[in-house]
Amino acid sequence: MTIGEVSEKYEITADTLRYYERIGLIPPVPRKKNGIRNYDETACQWVAFIKCMRSAGVQIEALIEYVALLQAGTGLERRKNILIEQRARLQEQSERLHSTIERLDYKIEHYAELLAKR
């Protein structure tokens, strides 16, 4: 797939894809003889993984470290810990969102009761 096709498929700009490759979030993408990027299934899987992690708010620095360790085939324990740390952060965010939703539900119900009394 071309960078344009991948960009459209994953709803990521071509510039973002180039940036992710440049900083090591995506391993170097295979290229055709003319130098054009040719995203294969493996490269697309990396794009999907990074998009998922970034959409969840996982920090770029953590992903860079994780991908570097993974590509080097080292740091199994560290890779696991990176994922555990990021999961804990996401869990905290989820709990804050849940609390906010509960508060909003309470306020909405309060207004519904006030309006029902009119």
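This is a predicted model: local features need pLDDT of at least 70, side-chain atom pairs count only at pLDDT 80 or more; totals for chains, interfaces and linings use all residues.
## How the helices pack

Two packed helices are described by the angle between their axes and the distance between the axes.

| Helix pair | Angle between axes | Distance between axes |
|---|---|---|
| H1 and H2 | about 105° | 9 Å |
| H3 and H4 | about 150° | 11 Å |
| H4 and H5 | roughly 155° | within 9 Å |

**H1 with H2.** Helix H1 covers residues 3-10, and helix H2 covers 14-23. They pack at an angle of about 105°. That makes H1 roughly perpendicular to H2. On the H1 side, the contact is made by Ile3, Val6 and Ser7. On the H2 side, Ala14, Leu17 and Arg18 take part. By class, this contact of H1 with H2 has four nonpolar residues, one polar and one charged.

**H3 with H4.** Helix H3 runs over residues 41-55 and helix H4 over residues 60-72. Their packing angle is about 150°. H3 is therefore roughly antiparallel to H4. The crossing of H3 past H4 is right-handed. H3 brings Trp46, Phe49, Ile50, Met53 and Arg54 to the contact. H4 brings Ile60, Leu63, Tyr66, Val67 and Leu70. How many residues of this contact of H3 with H4 are nonpolar, polar and charged? Nine are nonpolar, none is polar and one is charged.

**H4 with H5.** The axes of H4 and H5 cross at roughly 155°. H4 is therefore roughly antiparallel to H5. This crossing of H4 and H5 is left-handed. From H4 come Ala62, Glu65, Tyr66, Leu69 and Leu70. They meet Arg78, Arg79, Ile82, Leu83 and Gln86 of H5. The contact of H4 with H5 divides into six nonpolar residues, one polar and three charged.

## Residues inside the helices

**Ser7** sits in helix H1. Is Ser7 buried or exposed? Ser7 has a relative accessibility of 16%, so Ser7 counts as buried, since the cut-off for buried is under 20%. Beyond its neighbours within four places in sequence, Ser7 is in contact with Ile12, Thr13, Ala14 and Leu17.

**Val67** belongs to helix H4. Its relative accessible area is 0%, so Val67 is buried. Which residues are in contact with Val67, leaving aside its neighbours within four places in sequence? They are Gly24, Leu25, Trp46 and Ile50. Trp46 lies 21 residues from Val67 along the chain. The C-alpha atoms of this pair, Val67 and Trp46, are separated by 9.6 Å.

**Gln86** is part of helix H5, which spans residues 76-117. Gln86 counts as buried because its relative accessibility is 6%. Leaving aside neighbours within four places in sequence, Gln86 is in contact with Val58, Gln59 and Ala62.

## Residues in the loops

**Glu11** is in the loop between H1 and H2. Its phi angle is near 55°. That is a positive value, in a residue other than glycine. Is Glu11 buried or exposed? At 69% relative accessibility, Glu11 is exposed, because the cut-off for exposed is over 50%.

**Ala56** has its place in the loop between H3 and H4. Ala56 has a relative accessibility of 29%, so Ala56 counts as partly exposed. Not counting residues up to four places away in sequence, Ala56 touches Leu90 and Gln93. What separates Ala56 and Tyr19? The two are 37 residues apart in sequence. From C-alpha to C-alpha, Ala56 and Tyr19 are 19 Å apart in space.

## The cysteines

A disulfide is a covalent bond between the sulfur atoms of two cysteines. How many disulfides does a search of the whole structure find? The search finds zero.

The cut-off for a disulfide is within 2.5 Å. Seen from Cys52, the closest cysteine sulfur is in Cys44, again 15 Å away and too far for a bond.

Cys44 is at 2% relative accessibility, so Cys44 counts as buried. Cys52 is at 45% relative accessibility, so Cys52 counts as partly exposed.

How values were computed: Residues are numbered from 1 along each chain as its sequence is written. Side-chain values use heavy atoms; hydrogens and water are left out. Buried means under 20% relative accessible area, exposed over 50%, partly exposed in between (1.4 Å probe, protein chains only). Axes are lines fitted to C-alpha atoms, for helices over the stretch in contact, and angles run from 0 to 180 degrees between N-to-C directions. Helices (H or I, at least four residues) and strands (E, at least two) are DSSP runs, numbered from the N terminus. Angles under 35 degrees count as roughly parallel, over 145 as roughly antiparallel, 65 to 115 as roughly perpendicular and the rest as oblique. A crossing is left-handed if the near helix is turned anticlockwise from the far one by less than a right angle, and right-handed if clockwise. Contact means heavy atoms within 4.5 Å. Ala, Val, Leu, Ile, Met, Phe, Trp, Tyr, Cys and Pro count as nonpolar, Asp, Glu, Lys and Arg as charged, and the others, Gly among them, as polar.
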